[in-house]
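Work through the exercises below with the model open. Try each task before reading its solution.

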Amino acid sequence: MPYGERWRVHRRVYMQLLNAQAAGMYRRVQDMRSRQLVVEMLSTDDFSASVYRYTSDVMAELVYGQRENNKIQSQLDQINERAMFILKNAAFHTTILDLFPALDYLPAKRFMLWRTQAAHLHEQTKEVYVECAATALESPVWNWTKEVRHDHHARFELEKISWEEVCYSIGELYVAGIHTTKMVLENFITACVAYPQTADKAQKELDSVVGSSRLPRFEDRERLPYLNAFLMELMRWKPISPIGVPHALVHDDEYMGFNLPRNATVIANQWGFNMDQEVFVSPEEFNPERYAEHGSDTGERLPGFGFGRRACPGYHLASQSLFIVIARMLWAFSIDSFTPRISNIEVLIRQPALQK
Ligand code: HEM
């Protein structure tokens with residue numbers, strides 16, 4: 001969707017659901033689901049599957065009101081299968097097109113078959129989103145779909161935005177929140193295995209601030225500067241979107257003497273920023289000290305959530321998830337690798353030290 005009044009309406013809805021204050025209200029869901037995750041990890045070492053369950057449960061509950069409903073469950077599974085297909089296939093093609101727009105002029109039938117497939121997929125996805133929204137409206141539980149339907153009905157009619165389009169927008173929130181957060185949490189495990197001394201240090205901080213008699217809570221965050229530095233470094237060390245999401249200029253512009261025409265693709269080299277040796281010493285190393293040393297501000301915004309008007313609207317919700325899951329995993333478990341192979345990871349229960 002190009003930038004314009006229509007886009008702004010959708011964005012306003014996102015921001016109303018996802019601003020810092022609203023995100024604070026979703027902590028209850030994240031608290032409950034992260035407790036479940038910790039319990040589940042007692043009987044499995046498949047961290048990816050458990051984390052996927054955490055992120056998809058949180059999003060399903062917020063967007064559609066519930067998870068333990070067979071009808072909505074199978075609809076959501078369909079959405080996720082399609083999202084994975086798009087992530088694996090169409091995302092590659094669209095990035096190539098952003099980099100080499102001339103390819104878009106190739107005969108569609110022979111060279112751009114994926115485009116027809118993507119359009120078909122889009123239609124199918126839209127149908128599923130509309131069905132999920134209908135189920136969510138019948139749910140006895142509060143959810144974003146109801147909130148949007150109730151508050152924005154008049155505005156959407158005013159802007160001539162159809163309910164199908166609104167359902168699509170809400171469905172995109174559901175998908176956007178699952179795989180992104182899961183990927184960062186997988187990187188967290190990699191960091192713990194590859195740099196165990198950093199996990200040790202975060203655990204010592206948790207032990208002294210939280211103690212052994214209760215799980216870490218959201219309110220503990222401002223008293224955990226090292227853990228915050230750990231989160232900052234995690235987002236810098238392995239950005240899940242190394243070249244960001246390509247943006248396009250809405251009007252002609254000029255930058256450092258270069259004339260940039262309207263519609264030109266602008267790519268923010270997130271990887272380049274994060275690996276800049278003039279800013280970060282040994283940037284390839286995972287080293288939270290680089291933030292901790294400068295007196296890490298626990299309220300500092302995490303990097304890796306995009307730029308400008310299109311920056312990630314789910315930032316606050318995601319930041320809360322990253323904090324609570326990582327704090328609780330470190331508090332409860334020692335994370336180690338059986339063998340030098342990083343994919344073979346063992347999660348051991350640990351005994352948090354008594355509070356001094
Ligand atoms: C750790 C988790 C997450 C990371 C690292 C992340 C990162 C990003 C990035 C890099 C972008 C592109 C921004 C740009 O174009 O400059 C983005 C866009 C977006 N994110 Fe996230 N995100 C995360 C979680 C979430 C969550 C939880 C939600 C929803 C609740 C969400 C919803 C979205 C949406 C809807 C967009 C598209 C915004 C637009 O095009 O205007 N994200 N995210």
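Predicted model: local features only at pLDDT ≥ 70, side-chain atom pairs only at ≥ 80, totals over all residues.

**Exercise 1. The chain as a whole**

Task: State how many helices and strands the chain has, and what share of its residues counts as buried.

Solution. 
- Step 1. Count the elements. The chain holds 14 helices and six strands.
- Step 2. Turn to burial. The chain has 356 residues, and 30% of them count as buried.
- Step 3. Look at sequence separation. Take the contacts between residues at least 6 apart in sequence: 73% of these join residues at least 24 apart.

**Exercise 2. H3 against H14**

Task: Determine how H3 and H14 are oriented relative to each other, and which residues make the contact.

Solution. 
- Step 1. Locate H3 at residues 27-40. H14 spans 315-332.
- Step 2. Read the geometry. The axes of H3 and H14 lie 10 Å apart, at an angle of about 30 degrees.
- Step 3. Classify. Angles under 35 degrees count as roughly parallel, so H3 is roughly parallel to H14.
- Step 4. The crossing of H3 and H14 is right-handed.
- Step 5. List the contact. H3 supplies Arg27, Gln30, Asp31, Ser34, Leu37 and Val38. H14 supplies Gln320, Ser321, Ile324, Val325, Arg328 and Ala332.
- Step 6. Sort by class. The contact of H3 with H14 has five nonpolar, four polar and three charged residues.

**Exercise 3. H3 against H4**

Solution. 
- Step 1. Find H4 at residues 47-64.
- Step 2. Read the geometry. The axes of H3 and H4 come within 10 Å and cross at roughly 155 degrees.
- Step 3. H3 and H4 cross in a right-handed sense.
- Step 4. List the contact. From H3 come Val29, Gln30, Arg33, Ser34, Leu37 and Glu40. From H4 come Ser50, Tyr54, Asp57, Val58, Glu61 and Leu62.

**Exercise 4. The shell around the ligand**

Task: Identify the element that gives the most residues to the shell around the ligand, and describe the shell by residue class.

Solution. 
- Step 1. Count the shell. The ligand is surrounded by 24 residues. The closest are Ala176, Gly177, Gly306, Cys312 and Gly314.
- Step 2. Assign elements. Helix H9 (163-194) and helix H14 (315-332) are the elements that give two or more residues to the shell.
- Step 3. H9 gives the most, with seven residues.
- Step 4. Sort by class. The shell has 14 nonpolar, eight polar and two charged residues.

**Exercise 5. Ser56 and Asp77**

Task: Say for Ser56 and for Asp77 whether the residue is buried or exposed.

Solution. 
- Step 1. Ser56 is in helix H4. Asp77 is in helix H5 (residues 70-99).
- Step 2. Classify Ser56. It has 23 other C-beta atoms within 10 Å, so Ser56 is buried.
- Step 3. Classify Asp77. It has 12 C-beta neighbours inside 10 Å, so Asp77 counts as exposed.
- Step 4. Ser56 and Asp77 are 21 residues apart along the chain, with 9.9 Å between their C-alpha atoms.
- Step 5. List contacts. Leaving aside neighbours within four places in sequence, Ser56 is in contact with Asn80 and Ile178.

**Exercise 6. Positive phi, and a loop proline**

Task: Give the phi of Met256 and of Ser282, then classify the exposure of Pro303.

Solution. 
- Step 1. Recall the background. Most residues other than glycine have a negative phi.
- Step 2. Take Met256. Its phi is positive, about 50 degrees. Met256 lies in the loop between strand E2 (253-255) and strand E3 (258-260). With 4 C-beta neighbours inside 10 Å, Met256 counts as exposed.
- Step 3. Take Ser282. Its phi is positive too, near 40 degrees. Ser282 sits in the loop between helix H12 (270-274) and H13. Ser282 is exposed, with 9 other C-beta atoms within 10 Å.
- Step 4. Take Pro303, in the loop between helix H13 (289-292) and H14. It has 16 C-beta neighbours inside 10 Å, so Pro303 counts as partly exposed.
- Step 5. List contacts. Not counting residues up to four places away in sequence, Pro303 touches Met232, Met235 and Arg236. Pro303 and Met232 are 71 residues apart along the chain, yet their C-alpha atoms are separated by 6.7 Å.

Notes:
Residues numbered from 1 in each chain as written. Near = placed C-beta within 6 Å. Helix = DSSP H or I, 4+ residues; strand = E, 2+ residues; numbered from the N terminus. Nonpolar A, V, L, I, M, F, W, Y, C, P; charged D, E, K, R; others polar. Buried ≥ 20, exposed ≤ 12 C-beta atoms within 10 Å, placed from the backbone. Contact = placed C-beta atoms within 7 Å. Axes fitted to C-alpha atoms, helices over the stretch in contact; angles between N-to-C directions. Parallel < 35°, antiparallel > 145°, perpendicular 65-115°, else oblique. Left-handed = near helix turned anticlockwise from the far one by under 90°.
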